[in-house]
Amino acid sequence: MQILEENRKILEQRYKGCIEKLENLSISEKTQLYSAKNGEYVIATERNSKIWYLNSRLDPEGAAEIFAERYRMRIFGTYFVFGLSDGRYIQKLLDKSDKTNQFIIYEPDISFFHLACCSFDLSNLIASERVFLYVPDLIGNINTIISRAINYLNRTIIEMCILPGYDILYQEQYAEFEDAIFSGVREAVMIKHTKVGMGRKNPQHLLYHMKNIVFHSDCEQLRRKLCEYDLTNIPAIIVSAGPSLDKNVHELKKAQGRSFIIVVDAALRTVIKAGIRPNLVYSLDYKVPDYFFEGIDMDGLIWICEGLTKPWILKQTNSKIFYVGYFCRYYSSLSIKTIGYALSGVPTGGSVSTSAFSVASYLGFKKIILVGQDLAFTSGVSHTKGALGAFGNNSDYIKSRSIVQVESIDGELLDTDLQMWQYKSWFERTIRLNMNEIDVINATEGGANIVGAENRKLCDVVEQECTNSLDIYEIEKSIPQAFNEKQREEVLLQLYNMKELVANLRDKIHDAIKQQENILKSLEHNSLVDIKEKLMNMLNVNEEIGKHVLLELVKMYISKEEYESGEKVFIQEDMEINEIVQNNQKLFQEYLTGIEMLEEDIDEYIIKDD
């Protein structure tokens, strides 16, 4: 009982809300503890009249040590472990790792997890900040966990570890886990190209929204408000800009006041011209064409935006805005200190449509309807008529894409591009992972077949699913700004004083560069043993600078240079000490360049009055 209480205590600290769910679970009668020959216990389960043991029946501890010896701990390596068992295997991996390593543990069976928590001391494992648990329907979201664990630099040093028996007992779940990891790698590559492509616009947009958000609301407020209502028979409708939208957009009129309609920015012109007022307009892309919004009446629209959203849109309207998504560590700390929470990041999937899907799920909707989600060039057309022209000539645009083929909803082959194929894969994986939580209906009536979504006509869906009235538009309008007047003044004061923090960071970086210069000079005349203390001090200073609350913003200005520097360290593992120090020194010089640009942009986007 003492083991369970200790595990429960730490679980509640790291994974809030899971204990209540865990208490309502019952262990399968086929999952039990068995005694090994050395007197220790192992978890076992019965499948097809056979007992499967999840550790050795002779020496569980010894078996865990042998398992851990298979894996070489690489600096900055990320290890995805399929299965938890009794925790011994993972603890051995943790023991031989260092602080640069992280472990993502996927336990597919809640009964195993429950029994392990009741019977084995998992406190050290659960408490470790380098270990992240995922237990379906209990702890975590696999897409979110993987997106945080994988980045462009560490994508080449990730490793899969499969605990004995799990690959046979849970083949489908393992395939899903592996697919999610591969998708995470692809997403990391896309994020890298986006950051480098954005250049200075990335931090500039963030700074604009960090100031603007104090005058608006956020999606956490909306989520809490919607919790007061029964959304069981109120579906969310995600309206995207595929060419099939022109076929059935008029049906959305009948769904107004009976659903939650989120329209992505590229579909807005088509929707507005059809006389439909959405509940939210989602704009995400930092380079979204102005054409999407020109010449249409945007009066009364309510927007959902992120930190990268193009500010031009918001400057054209005084409409209400709901913000969502992670901004940066500096703003998160301000938000938590001021209003008690930070904005929630949602799995993006890489597009505004996938983000809209994630937001609908986050807000509590259990039935999500996709409209205009072609994810293909239906009838040789790229977008709905309302967006055509924003990307130039239709034929030229399609020819410029990397074409692949997918199965259409009619069973035929249909051209799409690699980007939309990735979005399709994201939808399918997310649907599989949430099949017991969310029903997804594809009412696009064209385009690619999204496996796991039920294909239906929009007119039938509206008639059969949109049966209850709830004016969410009025609910949205009633939600106040996230910050009251006093809180707003506090946050704005902190933002106006950002340059003091910038100056502090600059001083630390100047000192670090001098330290690196001294080490390089010492290396010319001394051995590594003689300057070991200096090297350790350099690492400690680097770690301190890495924790500075504004470094994340500075890095956005030099993302290309940082990726190049990081690749040298991650790929060329046998670098000489002087090469490492020189590479580090060059990166810190780039930080100073980033600081200079950050100061300029603080003046322009924070201090300057609009």
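This briefing walks through the sheets, a helix pair, the cysteines and a few single residues of the structure above. The model is predicted, so local features need pLDDT of at least 70 and side-chain atom pairs count only at pLDDT 80 or more, while totals for chains, interfaces and linings use all residues. Residues are numbered from 1 along each chain as its sequence is written, and side-chain values use heavy atoms, with hydrogens and water left out. Helices (H or I, at least four residues) and strands (E, at least two) are DSSP runs, numbered from the N terminus.

**The parallel sheet**

- An open sheet of 9 strands has the order S8-S13-S12-S11-S10-S9-S14-S17-S18, and its pairing is parallel. Two strands pair if DSSP finds at least two bridges between them.
- Its edges are strand S8 (217–218) and strand S18 (454–455), each of which pairs on one side only.
- Strand S14 (residues 367–371) is mostly covered, with 4 of its 5 residues buried. Buried means under 20% relative accessible area, exposed means over 50%, and partly exposed lies in between (1.4 Å probe, protein chains only).
- S14 pairs with strand S9 (residues 236–239) in the parallel sense over 4 bridges. In this pair, Ala-236 stands opposite Ile-368 of S14.
- S14 is also joined by 4 bridges to strand S17 (residues 439–442), again running parallel. Here Leu-370 faces Asn-442 in S17.
- Elsewhere in the sheet, strand S11 (residues 280–283) and strand S12 (residues 303–305) pair in the parallel sense over 3 bridges. Tyr-282 stands opposite Ile-304 in S12.
- As a reminder for reading such a sheet, side chains in a regular strand alternate between the two faces.

**The antiparallel sheet**

- A second open sheet is formed by 3 strands in the order S1-S2-S3, and its pairing is antiparallel.
- Strand S1 (31–35) and strand S3 (50–53) are the edge strands, each pairing on one side only.
- The twist averages 40° from one strand to the next.
- Strand S2 (residues 41–47) pairs with S3 in the antiparallel sense over 4 bridges. Ala-44 has Tyr-53 in S3 as its bridge partner.
- Gly-39 sits in the loop between S1 and S2. Gly-39 counts as partly exposed because its relative accessibility is 47%.
- Gly-39 and Pro-60 are 21 residues apart in sequence, and their C-alpha atoms are 9.8 Å apart in space.

**The H9 and H18 helix pair**

- Two packed helices are described by the angle between their axes and the distance between the axes.
- For helix H9 (residues 171–198) and helix H18 (residues 418–433), the angle is about 140° and the axes are 11 Å apart. Axes are lines fitted to C-alpha atoms, for helices over the stretch in contact, and angles run from 0 to 180 degrees between N-to-C directions.
- H9 and H18 cross in a left-handed way. A crossing is left-handed if the near helix is turned anticlockwise from the far one by less than a right angle, and right-handed if clockwise.
- On the H9 side, the contact residues are Glu-176, Asp-179, Ala-180, Ser-183, Arg-186 and Met-190. They meet Gln-419, Trp-421, Gln-422, Tyr-423, Arg-429, Arg-432 and Leu-433 in H18, where contact means heavy atoms within 4.5 Å.
- The residues of this contact divide into 5 nonpolar, 3 polar and 5 charged. Ala, Val, Leu, Ile, Met, Phe, Trp, Tyr, Cys and Pro count as nonpolar, Asp, Glu, Lys and Arg as charged, and the others, Gly among them, as polar.

**Cysteines**

- The structure holds 0 disulfides, a disulfide being a pair of cysteine sulfur atoms within 2.5 Å.
- Cys-118 is in no disulfide, and the nearest cysteine sulfur, that of Cys-117, is 6.8 Å away. Cys-118 counts as partly exposed, at 28% relative accessibility.
- Cys-459 is likewise in no disulfide, and the nearest cysteine sulfur, that of Cys-466, is 12 Å away. Cys-459 is partly exposed, with a relative accessible area of 31%.

- Lys-532 belongs to helix H23 (residues 532–546) and counts as exposed, at 54% relative accessibility. Its C-alpha atom is separated by 9.8 Å from that of Ile-519, 13 residues apart along the chain.
- Glu-561 is found in helix H25 (residues 559–571) and counts as partly exposed, at 29% relative accessibility. The C-alpha atoms of Glu-561 and Ile-302 are separated by 38 Å, with the two residues 259 apart along the chain.
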